[in-house]
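Here is a short briefing on one protein model. Look at the structure first, then read the points below it.

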Amino acid sequence: MAGVLILIGFIVAGVLTGLNVEIPYSYSQYIAVAILACLDSVFGAFAANIDKKFRMNIFLSGFFGNALIAMLLVYIGNKLNVDIYLGAVIVFSGRLLNNFATIRREFILGLESKKIDSVKQKKSLKMENKKENKENNTSKIQQNQKSIKDIDVKQKKESEIEVATKNIVSKKELKTNTNTNKKN
């Protein structure tokens, strides 16, 4: 992670320097190819960081080495009166675009995997909620069944008490009636 912060620092420093410096026309080819070589190294470092293969010493050697070799090619081409720098431009541009494609692909795949993970997480939460609701409903049903049994038992006892009371009252009435009949 520290490597990425250093890369960002180099990019910001380069942009700020480039905005405030005027470059003479005679050096424009040298600077253009050097910037392209440095951008290739930066994008390569980002791609390596994504693959977990980033190493600072490799980045720094590539950053300065590519820039120096690219400027050397421009110098030799100017001395020979041949546009050798175009070869460097083509190679560095191709590598830069390949590294950008790798970064873009990994970024998009990362977004898709996060989206898939969030969908899976939502589904698992829904399943857990359904399971909890089912358990709660089962528990409530069992409580209701117990309450119904308790009510049935209570009603049965009340009816037994009522029947027993009626029997006692009937026996008392019978006794009273028999006692009254004996007196008559």
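Helices (H or I, at least four residues) and strands (E, at least two) are DSSP runs, numbered from the N terminus. A32 has its place in helix α2. The model is predicted: local features need pLDDT of at least 70, side-chain atom pairs count only at pLDDT 80 or more, and totals for chains, interfaces and linings use all residues. Residues are numbered from 1 along each chain as its sequence is written, and side-chain values use heavy atoms, with hydrogens and water left out.

**Helix α2**
- Helix α2 covers residues 28-50, which makes 23 residues.
- From its first C-alpha to its last, α2 reaches 33 Å. That is close to the 33 Å expected at 1.5 Å a residue. The expected span is 1.5 Å times one less than the number of residues.
- Buried means under 20% relative accessible area, exposed means over 50%, and partly exposed is in between (1.4 Å probe, protein chains only).
- The buried residues of α2 include Y30, V33, L36, C38, D40 and V42.
- A32, also in α2, is partly exposed, because its relative accessible area is 43%.
- K52 follows α2 and has a positive phi, near 65°.

**D40 and its surroundings**
- D40 lies in helix α2. D40 counts as buried because its relative accessible area is 1%.
- The side chain of D40 makes a polar contact with the side chain of R95, at 2.9 Å. A polar contact is a pair of N or O atoms within 3.5 Å; within protein, one must be able to donate a hydrogen and the other to accept it, and residues adjacent in sequence count only if both atoms are side-chain atoms.
- Neighbours within four places in sequence aside, D40 is in contact (heavy atoms within 4.5 Å) with N66, F92, R95, L96 and N99.

**Distances, C-alpha to C-alpha**
- A32 and I108 are 76 residues apart in sequence and 30 Å apart in space.
- L111 and E135 are 24 residues apart in sequence and 36 Å apart in space.
- L111 has its place in helix α4, residues 85-183. L111 is partly exposed, because its relative accessible area is 45%.

**I11 in helix α1**
- I11 is found in helix α1, residues 2-20.
- Is I11 buried or partly exposed? I11 is partly exposed, because its relative accessible area is 34%.
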